[in-house]
Amino acid sequence: MPSRSPAPLLRRPLSIALVLAALPAAAGCAAEPAARPAPRPAVTAEMARIEQSRRRIDDASRALSDKRYADARALLDGASGLGVDSHRYEIGELREKLDRREAKLWATEAGELLDQQDCEGAFTRLSARIDELNSEAFTQEVRKLVATQAVACANGKVDAATTAGKFAEARAFLAAAPTRNALGDAASERLTAELDATVAEALHGQVEPDVSAGRWADAVEKLDAAVKRGDASEEQGRALLGRVRAAAAPRLSDLAGKAVGAQDAAATLKQLDATIALLRWEAPAPGAAELPGSSALPEALDRKRAALAAWVEARRIQMKPMKKPSMRWTHGAVAIAPASNVDAEAKQRLAPSTPVWILGQAKQHALVAAVDPGTAALSTALESAIGWAPLPRLAAEPTVDWLPPDDQLEGERVWGPLREKQPTLELGVVSAVRGADIVVRRLADDAEITLSRKQLRSGRLAPGTRVLALCKSENDPATIVDAVPPTGRVARIQCEGGAQKEEPLASLRSRPDLLPPGR
């Protein structure tokens with residue numbers, strides 16, 4: 001039988017020794033436990049800050065209960081300064097409660113002053129505290145508590161001032177910052193509106209005798225003085241002046257209407273213009289609507305004044321009125337001088353062949369209207385006058401197909417005999433006017449030909465204009481279908497058989513007998 005190896009037996013004592021060494025020591029010989037780590041400095045400071053904030057909040061609450069409002073406010077300010085986020089809402093709630101409690105105290109003190117009619121004293125104290133605290137809760141509460149007394153006191157002071165005619169003093173009191181701060185915007189604006197209405201009626205009553213008597217200068221002087229003293233605001237002054245204007249406008253219109261045809265028309269116009277300037281009316285903007293409260297001269301008065309000015313100018317240049325308005329048409333574009341001054345710069349320009357009605361004429365000019373005044377009296381007819389037109393530029397028939405006057409002929413499209421030994425007319429554009437000679441640039445090749453005015457016809461190619469074109473053969477009769485603009489290069493024509501086609505303007509021809517006279 002083979003023998004066992006002794007090696008395992010030799011290793012066993014060593015293993016037991018290792019196990020025994022790993023076992024914990026006996027109870028009496030146990031090792032010291034590990035020490036806990038020391039608190040970090042930042043954590044300690046945060047906890048102290050939170051505790052300090054809590055103490056101040058609690059102390060502030062007790063101070064509020066004891067009605068030590070100044071101490072409570074100082075403690076809350078201190079707590080708020082520590083900036084603990086979790087305490088912000090609680091601090092805000094407590095502060096609002098403090099503000100409302102303090103508002104009752106201030107309202108009681110202010111009420112004593114208001115009962116004594118010391119409005120300024122009460123409002124000054126309240127306003128200072130409102131500004132100091134800058135607290136919405138305090139402001140709302142204190143205004144609510146003193147509202148009835150404050151408004152009554154303010155009303156009494158304003159009534160006393162207005163009864164004594166001290167409008168500026170009343171306005172200054174209501175406009176003062178302490179008054180507005182103590183009353184609040186709504187109450188202040190209501191009292192101010194009531195004062196404005198009272199002042200407006202009082203001042204209107206002061207100027208009413210002058211208005212009734214037509215003493216416009218006296219009325220305006222009194223209103224200006226009231227604004228200067230501070231009795232009325234500038235806005236009120238403008239509103240009161242508007243009432244004076246409303247009374248003056250119909251009377252001034254009547255004055256102007258009666259002066260047309262009178263010997264003293266020029267003097268009346270001068271007086272009228274002085275009054276218009278005194279009342280600070282402005283010339284109305286062309287085409288603008290008359291708005292309430294506007295300083296623009298009323299449209300009815302403006303018409304009457306313009307008619308009177310036209311009559312004064314007509315007398316100056318010895319115009320002869322027409323028994324019946326005569327219809328005319330402008331030849332070319334015509335510049336119209338103002339009805340009040342034939343020598344002034346033209347303010348408008350009428351298009352060629354515009355119909356007008358002559359109301360009267362002098363040597364070189366005619367006073368014209370843009371609409372037919374019919375059988376209206378001269379004073380009414382003159383209201384429709386638009387100005388003075390040069391007589392040579394007014395024709396007794398429509399001029400739409402006439403050649404423009406020589407000074408407007410350059411650049412116009414015309415018909416003319418632009419080729420030698422050819423009887424037909426051809427289209428070209430006037431490039432120059434040299435006295436009696438008119439230079440025309442032919443459309444076909446830009447060649448320039450010099451002709452006289454009587455050889456030309458207007459190149460206006462309106463629908464229905466008769467021309468000669470290449471239809472079945474060259475120079476067949478045709479008609480323009482659509483209007484051709486001055487810068488056009490092609491025309492749509494209709495041949496005698498009814499066929500339509502586009503034809504270059506350079507290839508069109510015509511004859512004098514097919515076209516309107518050139519004039």
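Q: What makes Arg129 and Glu102 a salt bridge?
A: The closest N and O atoms of Arg129 and Glu102 are 2.5 Å apart, and the term asks for a side-chain nitrogen of Lys or Arg within 4 Å of a carboxyl oxygen of Asp or Glu, so the pair qualifies. This pair links distant parts of the chain, with Arg129 in helix 5 (residues 119-133) and Glu102 in helix 4, 27 residues apart. Helices here are DSSP runs of H or I with at least four residues, strands are runs of E with at least two, and both are numbered from the N terminus.

Q: What kind of model is this, and which residues count towards what?
A: It's a predicted model, where local features need pLDDT of at least 70, side-chain atom pairs count only at pLDDT 80 or more, and totals for chains, interfaces and linings use all residues. Residues are numbered from 1 along each chain as its sequence is written, and side-chain values use heavy atoms, leaving out hydrogens and water.

Q: Are Arg129 and Glu102 buried or exposed, and how do you know?
A: Buried means under 20% relative accessible area, exposed means over 50%, and partly exposed is in between (1.4 Å probe, protein chains only). Arg129 comes in at 11% and Glu102 at 5%, so both are buried. Salt bridges with shared partners also join Arg73, Asp99, Glu102, Arg129 and Glu132 into one network.

Q: What makes Asp99 and Arg73 a pair that links distant parts of the chain?
A: Asp99 and Arg73 form a salt bridge, with their closest N and O atoms 3.0 Å apart. Asp99 belongs to helix 4 (residues 88-115) and Arg73 to helix 3 (residues 69-82), 26 residues apart. Both residues are buried.

Q: How far apart in helix 2 are Asp58 and Arg54, and are they buried, exposed or partly exposed?
A: Asp58 and Arg54 meet through their side chains in a salt bridge at 3.0 Å, N to O. They sit 4 residues apart in helix 2 (residues 41-65), so about one helical turn separates them. An α-helix has 3.6 residues a turn, so residues three or four places apart point the same way. Asp58 has a relative accessible area of 30% and Arg54 has 27%, so each is called partly exposed. The whole structure holds 44 salt bridges.

Q: What makes the Asp231 and Arg229 side chains a polar contact?
A: The two side chains come to 2.9 Å. A polar contact is a pair of N or O atoms within 3.5 Å; within protein, one must be able to donate a hydrogen and the other to accept it, and residues adjacent in sequence count only if both atoms are side-chain atoms. Asp231 sits in the loop between helix 10 (216-229) and helix 11 (234-259), and at 7% relative accessibility it counts as buried.

Q: Why is Gly428 called buried, and what is it in contact with?
A: Gly428 has 0% relative accessibility, so it is buried. Contact means heavy atoms within 4.5 Å; beyond its neighbours within four places in sequence, Gly428 has contacts including Glu412, Val414, Leu418 and Val440. Gly428 lies in strand 9 (residues 425-434), and its C-alpha is 5.8 Å from that of Val440, 12 residues along the chain.

Q: Which strands stand at the edges of the five-strand sheet, and why?
A: The 5 strands form an open sheet in the order 6-5-4-1-7, with antiparallel pairing. Strand 6 (385-390) and strand 7 (394-395) are the edges, since each has a single partner strand, so one side of each is left without a neighbour in the sheet.

Q: How do you know that strands 5 and 6 pair?
A: Two strands pair if DSSP finds at least two bridges between them, and 5 bridges join strand 5 (residues 365-369) to strand 6. In one of them, Ala366 has Ala389 of strand 6 as its partner.

Q: What makes Phe123 and Phe173 an aromatic pair, and of which kind?
A: Rings of Phe, Tyr and Trp (its six-membered ring) pair if their centres lie within 6.5 Å; planes under 30 degrees apart count as stacked, over 60 as edge-to-face and the rest as tilted. The count by this rule is 1 aromatic pair. The Phe123 and Phe173 centres are 6.2 Å apart and the planes at 25°, so the pair is stacked. Phe123 is in helix 5 and Phe173 in helix 7 (residues 167-175), so the pair ties together parts 50 residues apart in sequence.
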